[in-house]
Amino acid sequence: MDRLDKTLTSLGYGSRKEVQHLIKNGQVAVCGVVSKDAKQKVNHADVTVDGEPLDPKTLILVLYKPMNYVCSHNDAGRLIYSLLPSRWQKRNPKISTIGRLDGDTTGVILLTDDGVLNHALTSPKKHVAKLYEVTLASPVRGDEADIFSSGTLMLHGDDKPCMSAKLTIIDSHNVTVELTEGRYHQVKRMFAAVGNKVVKLHRKQFATIEIGDLQEGQYKIICKEDILF
Ligand code: URA
């Protein structure tokens, strides 16, 4: 159980002052009874604001990342977080992306305010699979699948070779790549290492999560059990 005011501020319902105002104003109820006691200890499930149940205690989201949005919290560009409801952007702990995609990469990105889950899904030890659709500037040579799967490909500046990755050729300029690690600009650097250049990159799947029927910029709430890895 947490204090009523803390429950509301941590879910982004406002600053401490704003939340105290909501409470004083009679907009907050506990078990259906208006509470004007900001210090009252409450269960999240018992609280309503303006008659509506509270936002979920923890959030796990899948979002279809559009082009030119960045995964950073503090960048001058368009932040991926701006696609979320403003109340969610004020939660504490913050909602953060699970790993990152480059600004010019589109597709599946997961977000959560569950730090333990975030860590589990980004830990290099967990080998969570990520599937990318890649469009290349030059035609594939034919030896890339063997090189990527060999577990010996060294990327410039790294001290360990890439883990084995699965490349499937669609046509001369289009392939899919499945990685089980997530190094900085990894797909782009892997193709640079075999003399090619990525011109379009789309993440189709992260663990078991796909875009489904989401449109670019849309998100939906998922649960932990949906993410098998
Ligand atoms: N690899 C990249 O190069 N960029 C991404 O955004 C993701 C994987």
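Predicted model: local features only at pLDDT ≥ 70, side-chain atom pairs only at ≥ 80, totals over all residues.

Trainee: Okay, what do the side chains of Asp 113 and Arg 91 do with each other?
Mentor: They form a salt bridge, with N to O at 2.8 Å. This pair connects distant parts of the chain, 22 residues apart. Asp 113 sits in the loop between S11 and helix H4 (115-122), while Arg 91 is in the loop between helix H3 (86-89) and S10.

Trainee: How many salt bridges are there in total?
Mentor: The count comes to 13 salt bridges.

Trainee: Which side chain meets Lys 188 in a salt bridge?
Mentor: That of Asp 104, at 2.7 Å from N to O. Here too distant parts of the chain are linked: Lys 188 belongs to helix H6 (residues 186-193), and Asp 104 to the loop between S10 and S11, 84 residues apart.

Trainee: New topic: where is Asp 102?
Mentor: Asp 102 is in the loop between strand S10 (96-97) and strand S11 (105-112).

Trainee: Is Asp 102 buried or exposed?
Mentor: Buried, because its relative accessibility is 19% and buried means under 20%.

Trainee: What does the side chain of Asp 102 make a polar contact with?
Mentor: With the side chain of Lys 188, at 2.8 Å. Leaving aside residues up to four places away in sequence, Asp 102 touches Lys 65, Tyr 69, His 185 and Lys 188.

Trainee: Back to salt bridges. What about Lys 224 and Asp 114?
Mentor: Their side chains meet in one, 3.6 Å from N to O.

Trainee: How do Lys 224 and Asp 114 score on accessibility?
Mentor: Lys 224 counts as partly exposed, at 43% relative accessibility. Asp 114 counts as buried, at 14%.

Trainee: Last one: which residues are linked in a network of salt bridges?
Mentor: Asp 158, Glu 181, Arg 183 and Arg 189 are joined that way.

Methods. Residues numbered from 1 in each chain as written. Heavy atoms only, no water. Helix = DSSP H or I, 4+ residues; strand = E, 2+ residues; numbered from the N terminus. Buried < 20%, exposed > 50% of the residue type's maximum accessible area, 1.4 Å probe, protein only. Polar contact = N/O pair within 3.5 Å; in protein donor to acceptor, adjacent residues only side chain to side chain. Contact = heavy atoms within 4.5 Å. Salt bridge = Lys/Arg side-chain N within 4 Å of Asp/Glu carboxyl O.
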